Each structure stands twice: as structure tokens, then as C-alpha cells.
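Q: I would like to learn how to read some features of a protein model. Can we take them one at a time, with the general idea before the case?

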Amino acid sequence: MRLPESSAGFDPMQLARPEIRALTPYASARSLAGSSGILLNANESPFAPPIESDSSLNRYPDPQPETLKNRLAEIYRVEPDRLLITRGSDEGIDLLTRVFCRPNQDRVLICPPCFGMYALSARVQGAGVVESNLIEEQGEFALNPDIQQHALDCRLTFLCSPNNPTGNLISLDRIESLAQSQLPQGGLVIVDEAYIEFAPDNSALALQRILPNLVILRTLSKAHALAGCRIGVVIANPKIIELLRRIIAPYPLPTPTVEIALPVLSDDALNIQQQQLTELSEQKQRLLAALESHPQVRQTWPGAANFVLIRVDDAKRLIQSAGDAGIRLRDQSAQPGLDNCVRITIGSKVETTALIEFLETLNPS
């Protein structure tokens with residue numbers, strides 16, 4: 001891909017808060033001297049903990065484990081210096097907001113209904129929040145035409161594709177156009193691809209080659225089944241990664257987390273993942289068939305992720321009844337335009353069967 005002329009003047013250092021540009025980052029013992037030899041530089045215990053474990057848990061972990069970073073770079077087909085591994089995507093969102101948004105001065109653009117952490121991180125930082133609500137077009141959610149104008153006044157624009165909780169995809173053309181309009185020295189466009197493994201052909205990752213202000217967020221919590229490990233990834237221009245590293249915690253990734261993640265990213269494990277994605281797709285179709293014929297379901301949005309969104313007559317009543325049956329669903333009624341809407345995660349065959357059987361017991365009246 002050829003870089004557009006407008007990208008030539010892009011410098012993320014000029015977008016960053018002056019305090020961050022002037023900051024001398026904390027240098028941990030492990031980052032200064034590595035983890036080989038006799039380690040007398042980090043005030044660690046020389047003794048392994050009294051548990052059965054092959055891990056050197058008495059030692060601090062690598063700040064950015066090279067083996068894990070290289071494997072993720074291989075999977076994402078990017079250079080390792082474009083990656084920052086974080087404690088879930090939440091930390092990536094928080095770091096980006098803290099680096100680029102000056103309190104009481106800069107603003108963040110979000111597209112409700114969407115993941116709540118974008119606005120929360122902005123408000124914690126003291127940044128303003130601008131909303132460009134999604135619109136409904138022929139039964140699908142889509143970006144509002146006003147988003148491009150709003151983005152010109154914001155340091156960060158957060159998009160989610162597939163979007164949580166509506167499941168809609170954002171076209172690559174729209175993402176490219178929006179990011180292009182921010183160059184050479186506007187703001188960053190951040191695409192949260194937490195669910196992209198369920199729609200891999202729609203990743204915006206390749207656009208980074210021509211759009212240096214485009215940031216991609218990934219996670220191992222969803223399709224990789226590692227929600228309990230809390231591993232997220234920021235993929236961005238190396239200069240953006242360097243800025244984020246200035247303020248990230250010295251040792252964000254626990255050793256056991258890294259040791260668990262590596263085999264989950266092996267070729268064999270990724271083959272198993274593909275089988276699981278196929279099974280989830282099959283269960284989603286089963287659930288959708290049951291929902292679309294159910295008398296209490298007024299509208300269904302299948303989406304492109306591992307969940308569906310429905311509108312019912314009384315969301316609170318459905319949530320309560322499902323909870324009484326031991327089934328936990330997510331009420332989305334507080335989100336703009338989603339009154340009486342419920343998000344349902346796609347489960348295993350057994351879980352989907354239990355949910356369908358529960359739905360059959362509901363009284364239509």
C-alpha cells in the first residue's frame with residue numbers, strides 16, 4: 001500500500017500530552033538488565049515459593065515477554081515493535097486516554113451503544129466525551145454520518161467492530177475515510193477488534209500500513225478463551241507504542257499468565273480454536289431460530305460476534321426469570337436506543353439447549 005501524502009506530517013509525539021513527552025519513564029530492574037545471571041538487582045527473594053511449580057515466581061516477569069510478543073506478532077502479521085501487551089484491552093484503552101488526552105481540555109469520541117470503558121476511561125482522565133450515536137438502517141446498526149465532523153474536534157475516536165453490544169461491523173472504507181480525515185495532525189482512530197476472530201475478513205489491521213494514526217486493539221479473552229488471563233494487545237505505530245510504554249506498569253503480565261497463553265497460541269491450539277468457532281456458529285444459528293419464532297421477541301440483531309441482541313416486551317422480567325432458572329443474560333436497556341434489549345452470549349451446545357428450553361417455558365402473556 002502506498003502512504004497517502006497527508007500521512008507524511010503525522011507525529012504522535014506532538015499529539016501526546018506535554019507531560020508525557022517530558023516524562024522519563026520508570027526503568028525496572030528487569031528492563032535494564034534482563035533476567036540472566038545472578039540476580040541481585042531487583043530486591044527479590046532468592047528462594048522459590050513453597051509450592052509445586054516450575055515457574056520462577058520469586059522473580060519479576062519480563063515487562064513485555066519477547067516470546068509472547070513475537071508469537072502474537074506472527075499471528076497478527078506485524079512487526080513486534082508495533083505491539084504492546086496489556087492487562088486486557090481495558091488497560092490499552094486507559095493508556096491511550098492518559099497519554100493523549102489533557103484533563104479538561106481534550107475530548108474523546110464514542111459511538112453509543114458501545115463498550116462502556118471508552119467513556120469511563122475518558123471521564124476518569126477528565127477528558128470530555130462526545131457521542132455520535134449509531135443509527136439503524138434496514139435493521140442494522142451503522143455509523144452516524146455526523147461522525148466525521150465530530151472526530152475533527154477529538155483527540156481519540158473509539159470504534160468497535162464487531163460492535164459490542166449490537167454486533168454490527170464497520171466497513172473498512174468507513175474506517176479508512178475517518179482516519180484519513182484526521183491526518184496529518186488530527187487525532188487517533190482506535191478500532192477495538194475484540195471480536196474480530198468471529199469475522200476475520202473485516203479486520204482493519206492492514207490499513208495501518210497507510211494510516212499511521214490508526215490503532216487496533218485485540219484481546220485473548222474472547223475467541224482464544226483466556227478471559228481469566230487478562231491479556232490484551234495494542235497494535236500501533238511504533239512511536240505510539242513507545243509513548244504508551246512510558247506509563248504502563250513496570251510488570252503488567254504475571255508469569256503464570258504468559259506461560260498459559262503461549263500454548264494457547266500454538267498452531268495446534270489455533271486449529272482447535274477454529275473448530276470451536278464453527279461450533280459457536282452452529283449454536284448461534286440454533287438460538288436465532290428459536291428467538292425469531294418466539295412470541296416475546298420483538299426484534300433480533302444477529303451481529304457478527306459471539307452474541308446476539310434482542311428486544312423483548314420487558315427486559316427486566318426476562319433477566320429475572322432467566323436468573324431464577326440459573327441463566328445469566330445481560331440487560332442493555334440503559335444504552336441509547338436499546339430500551340428493553342438483552343444481549344445473549346452464545347454458549348456450548350448444552351448451554352444453548354438449556355436456554356432454548358427455558359425460552360419455551362415463558363408465558364407469551
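Q: Is Asn271 buried, partly exposed or exposed, and what is its relative accessible area?
A: Buried means under 20% relative accessible area and exposed means over 50%. In this predicted model, Asn271 has a relative accessible area of 47%, so Asn271 is partly exposed. Asn271 belongs to helix α11, residues 267–292.

Q: How are α11 and helix α13 oriented towards each other?
A: Angles under 35 degrees count as roughly parallel. The axes of α11 and α13 (residues 349–361) are 10 Å apart, at an angle of about 5°. The two helices are therefore roughly parallel.

Q: Which residues of α11 and α13 meet?
A: From α11 come Glu279, Gln283, Arg286, Leu287, Ala290 and Leu291. In α13 they meet Lys349, Thr352, Thr353, Leu355, Ile356 and Leu359.

Q: Which orientation do α5 and α6 have to each other?
A: The axes of helix α5 (residues 88–100) and helix α6 (residues 117–125) come within 9 Å and cross at roughly 40°. That makes α5 and α6 oblique to each other. Their crossing is right-handed. On the α5 side the contact is made by Asp90, Ile93, Asp94, Thr97 and Arg98, and on the α6 side by Met117, Tyr118, Ser121, Ala122 and Gln125.

Q: What is Arg17 in contact with, leaving aside its neighbours within four places in sequence?
A: The contacts of Arg17 include Arg98 and Gln125; Arg98 of α5 and Gln125 of α6 also take part in the contact between those helices. Arg17 itself sits in the loop between α1 (12–15) and α2 (18–21). With a relative accessible area of 14%, Arg17 is buried.

Q: How many aromatic pairs does a search of the whole structure find?
A: The search finds five. One of them is formed by Tyr60 and Tyr251, with 4.5 Å centre to centre and 10° between the planes, and is stacked. Tyr60 is in the loop between α3 (29–33) and α4 (66–76), and Tyr251 is in the loop between α9 (238–245) and α10 (255–264), so the pair ties together parts that are 191 residues apart in sequence. Tyr60 is partly exposed at 38% relative accessible area, and Tyr251 is partly exposed at 22%.

Q: What geometry does the pair of Tyr195 and Phe307 have?
A: Planes over 60 degrees apart count as edge-to-face. Tyr195 and Phe307 have 80° between their planes and 5.2 Å centre to centre, and the pair is edge-to-face. This pair also links distant parts of the chain, 112 residues apart: Tyr195 is in the loop between β7 (188–192) and β8 (214–219), and Phe307 is in strand β11, residues 307–312. Tyr195 counts as buried at 7% relative accessibility, and Phe307 counts as buried at 3%.

Q: What lies over the face of Phe307?
A: Arg343 does, at 5.8 Å from the ring centre.

Q: Which residues form one aromatic cluster?
A: Phe115, Tyr118 and Phe158 do. Tyr118 is also one of the α6 residues in the contact with α5.

Q: Where is Pro165, and which residue does a cis peptide bond join to it?
A: The cis bond joins Asn164 and Pro165, with omega about 25°. Pro165 is in the loop between β6 (156–160) and α8 (172–182). Another cis peptide bond joins Leu183 and Pro184, with omega about 5°, and Pro184 lies in the loop between α8 and β7.

Note on methods:
Residues numbered from 1 in each chain as written. Predicted model: local features only at pLDDT ≥ 70, side-chain atom pairs only at ≥ 80, totals over all residues. Heavy atoms only, no water. Phe/Tyr/Trp six-rings, centres within 6.5 Å; stacked < 30°, edge-to-face > 60°. Helix = DSSP H or I, 4+ residues; strand = E, 2+ residues; numbered from the N terminus. Buried < 20%, exposed > 50% of the residue type's maximum accessible area, 1.4 Å probe, protein only. Lys NZ or Arg CZ within 6 Å of the ring centre and 35° of its normal. Axes fitted to C-alpha atoms, helices over the stretch in contact; angles between N-to-C directions. Parallel < 35°, antiparallel > 145°, perpendicular 65-115°, else oblique. Left-handed = near helix turned anticlockwise from the far one by under 90°. Contact = heavy atoms within 4.5 Å.
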